[in-house]
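Have a look at the chain below, then read on.

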Amino acid sequence: MRTCYYLSFLFWTCMLHVVHMTPSPKRTIKYSQNGRILVSSQDDGKTLHRSKRGWMWNQFFLLEEYTGSDTQYVGKLHTDQDKGDGNLKYILTGDGAGSLFVIDENTGDIHAAKKLDREEKSLYVLRAKAVDRKTGRQVEPESEFIIKIHDINDNEPKFTKDMYTASVPEMSGVGTSVIQVTATDADDANYGNSAKVVYSILQGQPYFSVDPETGIIKTALPDMSRENREQYQVVIQAKDMGGQMGGLSGTTTVNITLTDVNDNPPRFPQSTYQFSSPESASLGTPLGRIKANDLDVGENAATEYSISNGDGSDMFDIITDEDTQEGIITIKKQLDFENRMLYSLRVEAANTHPDPRFFHLGPFKDTALVKVSVEDVDEPPVFSRSSYIIEVDEDAKEGTIIGQVIAQDPDTTKNAIKYSVDRHTDLDRIFNIHSGNGSIFISKPLDREETPWHNITVIATEINNPKQSSQIPVFIRILDINDHAPEFAKYYETFVCENAKAGQLVQTVSAVDKDEPPRGHKFFFELVPEFAVHPNFSVVDNKDNTAGILTRRNGYSRSKMSTYLLPVLIFDNDYPIQSSTGTLTIRVCACDSRGNMQSCNAEALLLSAGLSTGALIAILLCIIILLVVLFAALKRQRKKEPLIISKDDVRDNIVTYNDEGGGEEDTQAFDIGTLRNPEAREESKMRRDVIPETIFQIRRTAPLWENIDVQDFIQRRLKENDLDPTAPPYDSLATYAYEGNDSIANSLSSLESLTMDGNQDYDYLSDWGPRFKKLADMYGGDDSDRD
């Protein structure tokens with residue numbers, strides 16, 4: 001069975017496009033019954049024979065954006081099997097089949113059902129086949145073909161941004177690049193000029209230009225100044241079809257800003273400025289602000305101020321306010337109206353970041369004259385010095401003038417000054433000052449050893465205006481006078497060996513002195529004149545403020561003299577010479593052959609008397625045994641001699657109950673009647689609160705004579721009770737009160753004042769102040785005495 005498709009092509013000439021099928025010569029494909037494919041062509045009249053050659057459809061071309069009233073015809077499918085009896089059916093499948101592309105199943109005609117847009121889809125792949133209506137069997141194998149959408153100029157160029165922002169420095173040269181704009185066209189750039197874009201400037205001339213091909217915007221005028229105009233708006237057009245008539249176009253806006261460069265110097269708006277300041281203004285006080293205007297901005301307008309010259313260049317200073325770019329004039333030195341009333345300054349303002357490219361425009365600085373007038377104010381007194389140092393000897397007498405401070409009123413009025421001492425700095429009122437002339441004198445004795453320096457404050461006050469006052473420190477140094485005698489540096493107690501040799505060093509002594517002589521201390525040591533030739537020891541001055549104590553004989557005996565007291569005379573070399581006597585205690589001790597002390601107490605004497613070590617130990621053990629036995633006996637003893645004979649007289653008794661003692665019934669304390677009757681005897685009374693373990697006879701004291709002194713009797717009684725081993729420790733306190741003989745001060749009581757001869761004078765009570773006024777009224781006058 002042979003089958004052949006015939007395709008018809010439609011040629012459009014109205015749009016100047018030729019739509020054709022490639023290849024254009026008519027080609028017939030025939031199928032033989034044995035499966036061989038025979039292809040014939042009218043070009044060369046030859047017949048080609050190939051086995052099982054594949055079927056290939058050619059491409060169809062279709063214009064986009066068809067606006068006709070009918071559907072757009074694409075092509076026709078046909079097979080030799082179609083006899084025109086309607087038994088065959090043509091079927092179309094693939095991209096857009098049935099929606100975009102429809103086929104007449106009877107005739108095989110293909111139409112575009114909708115308007116197509118190449119920018120959405122430029123190529124469609126379709127498949128076609130022919131089937132028998134009755135059997136449904138394909139009479140031809142399915143074949144694939146392509147429909148390409150042909151482009152037309154239906155898209156205008158579009159810029160990548162709706163609005164561009166750019167900047168360029170002012171004063172830039174012609175042709176300086178500013179920014180590049182870009183527009184794109186959705187049409188096919190490979191077909192015709194539909195996508196060929198050309199740039200042009202619609203707004204912004206003559207300041208800027210644009211490259212028609214690249215879209216680069218450039219400056220078109222030289223020396224454009226930001227100070228004259230800062231913002232520019234440029235409109236750029238992009239047109240396709242190479243810019244020819246009928247091409248589509250799009251526009252965009254470019255906002256261009258001229259950035260600042262330092263092409264303007266600072267300028268003062270006025271040539272002279274006037275300021276004033278009171279003379280009392282403190283250092284660093286701002287007097288005023290000046291500003292040099294600069295048309296530039298930011299860093300290019302940064303200005304630095306300085307004082308170039310003028311008679312007040314050393315009195316004032318100027319600093320720059322970084323925020324406001326102003327110059328602040330401040331006080332550098334203290335002003336004085338009486339010294340000068342007007343100053344002139346030449347202030348200079350200069351750019352801190354000048355641009356060398358614009359030096360030809362002139363110097364980038366400016367100057368102005370500043371005048372400062374000083375105003376007079378009432379000032380406090382001024383001392384001649386910032387502080388005073390006065391030296392005075394510590395033996396200066398009271399009332400001695402030691403120095404003077406001087407202050408004066410700096411104003412033209414020259415008010416009188418009075419002086420005083422701030423008593424908070426001189427609480428002891430050691431110093432005083434003459435209010436009229438500022439002379440300082442001593443009010444109390446001085447002592448350098450107690451206070452070597454005195455720091456007081458002197459106040460100077462204007463008499464006519466007490467609010468105006470000033471203070472000055474006065475440092476008073478107390479100079480040393482040799483008024484203290486040297487003395488031993490410490491208490492010396494040394495020893496000498498019994499077997500010491502003559503000339504042997506016993507002790508080295510030194511001295512100290514509270515004084516501070518300018519040439520340093522120099523002490524001399526010697527024996528007191530009464531012991532100038534001492535038979536036992538001698539003093540040797542070492543000439544270095546120390547002295548050595550040496551032995552003068554061989555051997556010392558503790559049995560004869562156990563301790564020596566050696567008086568040593570110490571004196572200095574200052575004027576007047578001061579001296580003192582120090583006593584050195586020297587004990588005689590037993591030493592070994594090397595001179596090391598072994599013993600200096602009385603036990604060593606017993607050893608030398610012949611007692612052996614064993615004998616001493618035996619004696620010590622006996623003493624310990626006796627103490628133990630005595631303690632045991634005291635512990636068993638519960639009975640004590642009653643302390644009170646009479647129960648009626650208990651006025652001088654203190655009974656305490658703070659342990660396991662007698663308690664409330666322990667009231668038998670000492671009877672004070674015994675003091676009145678020395679020969680009274682104690683009765684043997686038993687304690688009612690304690691059952692004694694052993695009944696023993698109360699020890700009676702020795703008879704006292706009638707004329708014995710009461711105080712001596714009390715001392716004896718105390719001693720007897722202290723030494724009585726049988727007295728148990730009952731918790732009773734016996735009090736023996738004895739006033740003694742008459743006082744040499746007589747009676748201190750006012751009750752006996754009436755017996756005195758004459759009246760006592762109480763007028764001095766009136767001098768004691770208001771607190772004693774009531775007492776002075778009671779005793780001060782004759783009427784009070786009579787009352």
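Where is the place of Lys543? Lys543 has its place in the loop between β40 and β41 (546-551); strands here are DSSP runs (E, at least two residues), numbered from the N terminus.

## Before we start

This is a predicted model, where local features need pLDDT of at least 70 and side-chain atom pairs count only at pLDDT 80 or more, while totals for chains, interfaces and linings use all residues. Residues are numbered from 1 along each chain as its sequence is written, and side-chain values use heavy atoms, with hydrogens and water left out.

Most residues other than glycine have a negative phi, and most peptide bonds are trans. Lys543 has a positive phi, near 65°. Lys543 is also exposed, at a relative accessible area of 57% (exposed means over 50%, buried under 20%, partly exposed in between, with a 1.4 Å probe and protein chains only). Asn545 sits in the loop between β40 and β41 too, and its phi is positive as well, near 70°.

Elsewhere, a cis peptide bond runs from Gln205 to Pro206, with omega near 5°. You'll find Pro206 in the loop between β15 (198-203) and β16 (208-210).

## Rings that meet

Rings of Phe, Tyr and Trp (its six-membered ring) pair if their centres lie within 6.5 Å; planes under 30 degrees apart are stacked, over 60 edge-to-face, and the rest tilted. That rule gives 13 aromatic pairs. One of them is Phe101 with Tyr124, edge-to-face at 5.2 Å centre to centre and 75° between the planes. Phe101 belongs to strand β7 (residues 101-103) and Tyr124 to strand β9 (residues 123-132), so this pair links distant parts of the chain, 23 residues apart. Both Phe101 and Tyr124 are buried.

Then there's Phe537 and Tyr564: ring centres 5.4 Å apart and planes at 75°, so this pair is edge-to-face. Phe537 is in strand β40 (residues 537-541) and Tyr564 in strand β42 (residues 563-572), so parts 27 residues apart in sequence are tied together. Both Phe537 and Tyr564 are buried. Ring pairs also join Tyr207, Phe208 and Tyr232 into a cluster.

## A four-stranded sheet

Four strands make an open sheet in the order β28-β35-β34-β31, with mixed pairing (two strands pair if DSSP finds at least two bridges between them). At the edges stand β28 (388-393) and β31 (417-421), each with a single partner strand, so one side of each has no neighbour in the sheet. Strands β34 (residues 453-462) and β35 (residues 469-479) run antiparallel, joined by nine bridges. Thr461 stands opposite Ser469 in β35.
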